[in-house]
Amino acid sequence: MLSGIIRRQPITLDLSWTSISKKQLMWLINRLQGLKELILSGCSWSSVSALCSASCSCLRLLDLRWVEDMKDSHLRELISPPSDTRP
């Protein structure tokens with residue numbers, strides 16, 4: 001299913017309430033360069049944390065409602081620039 005998403009190159013992707021893994025989400029994000037909206041409502045923080053090291057420069061909307069186990073420190077980590085990429 002993931003490769004089918006890549007072939008379509010959507011600008012909006014709704015993965016809410018899915019059991020996507022961190023590895024799968026990182027794989028998707030790195031291949032969807034034109035993604036503008038990402039909906040991850042109800043997903044686990046362990047999956048969403050993939051966004052901390054992914055490049056989502058075109059992203060305009062990120063829906064994190066009801067993310068399981070998300071804390072304030074996680075949100076700070078998410079909005080901080082990734083430390084493992086070039087400036």
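A residue is called buried when its relative accessible area is under 20%, exposed when it is over 50%, and partly exposed in between, with a 1.4 Å probe and protein chains only. By this scale I79 counts as exposed, because its relative accessibility is 65%.

The structure is a predicted model, in which local features need pLDDT of at least 70 and side-chain atom pairs count only at pLDDT 80 or more, while totals for chains, interfaces and linings use all residues. Residues are numbered from 1 along each chain as its sequence is written, and side-chain values use heavy atoms, with hydrogens and water left out.

**Sheet**

Helices (H or I, at least four residues) and strands (E, at least two) are DSSP runs, numbered from the N terminus. Two strands are paired if DSSP finds at least two bridges between them. On this basis three strands form an open sheet in the order β1-β2-β3, and their pairing is parallel. Strands β1 (12–14) and β3 (61–63) stand at the edges with a single partner strand each, so one side of each has no neighbour in the sheet. From one strand to the next, the twist averages 0°; here axes are lines fitted to C-alpha atoms, for helices over the stretch in contact, and angles run from 0 to 180 degrees between N-to-C directions.

Strand β2 (residues 37–39) runs parallel to β3 and is joined to β3 by three bridges. Within β3, D63 is the bridge partner of I39.

D63 belongs to strand β3 and is buried, with a relative accessible area of 12%. Contact means heavy atoms within 4.5 Å. Apart from residues up to four places away in sequence, D63 touches L38, I39, L40 and S41. The side chain of D63 also makes a polar contact of 2.6 Å with the side chain of R65. A polar contact is a pair of N or O atoms within 3.5 Å; within protein, one must be able to donate a hydrogen and the other to accept it, and residues adjacent in sequence count only if both atoms are side-chain atoms.

**Residues in the helices**

S47 is part of helix α3 (residues 45–48) and counts as buried at 5% relative accessibility. A polar atom of the S47 side chain lies 2.5 Å from the backbone oxygen of I20. Setting aside residues up to four places away in sequence, S47 touches I20, S21, K22 and L25.

M26 lies in helix α2. With a relative accessible area of 25%, M26 is partly exposed. Its contacts, not counting residues up to four places away in sequence, are with A50 and S53.

**Loop residues**

Q9 is located in the loop between α1 (2–8) and β1, and at 38% relative accessibility Q9 counts as partly exposed. Phi of Q9 is near 45°, a positive value in a residue other than glycine. W17 likewise has a positive phi, near 60°, and is a residue other than glycine. W17 sits in the loop between β1 and α2 (22–31) and is exposed, with a relative accessible area of 58%.

V67 occupies the loop between β3 and α4. At 11% relative accessibility, V67 counts as buried. Leaving aside neighbours within four places in sequence, V67 is in contact with L40, G42, C43, S44, W45 and V48.

**Separations between C-alpha atoms**

| Residue pair | Separation along the chain | C-alpha to C-alpha distance |
|---|---|---|
| M26 and V48 | 22 residues | 9.0 Å |
| I79 and L62 | 17 residues | 11 Å |
| V67 and Q9 | 58 residues | 25 Å |

Rolling a probe the size of a water molecule over the atoms shows where empty space is left. On a 1 Å grid over the protein atoms alone, a cavity is a set of points where a 1.4 Å probe fits but cannot get out, and lining residues have an atom within 4 Å of a point. Grid points are joined across faces, edges and corners, and a volume is the space filled by probe spheres set on the points. The count comes to one cavity of 30 Å³ or more. The largest cavity holds about 70 Å³ of space, and the residues that line the largest cavity are I29, L32, Q33, L35, S55, C56, S57, C58 and L59.

Terms used: 1 Å grid on protein atoms, 1.4 Å probe; cavity = no way out; pocket = protein on both sides within 12 Å on 5 of 7 lines; lining within 4 Å.
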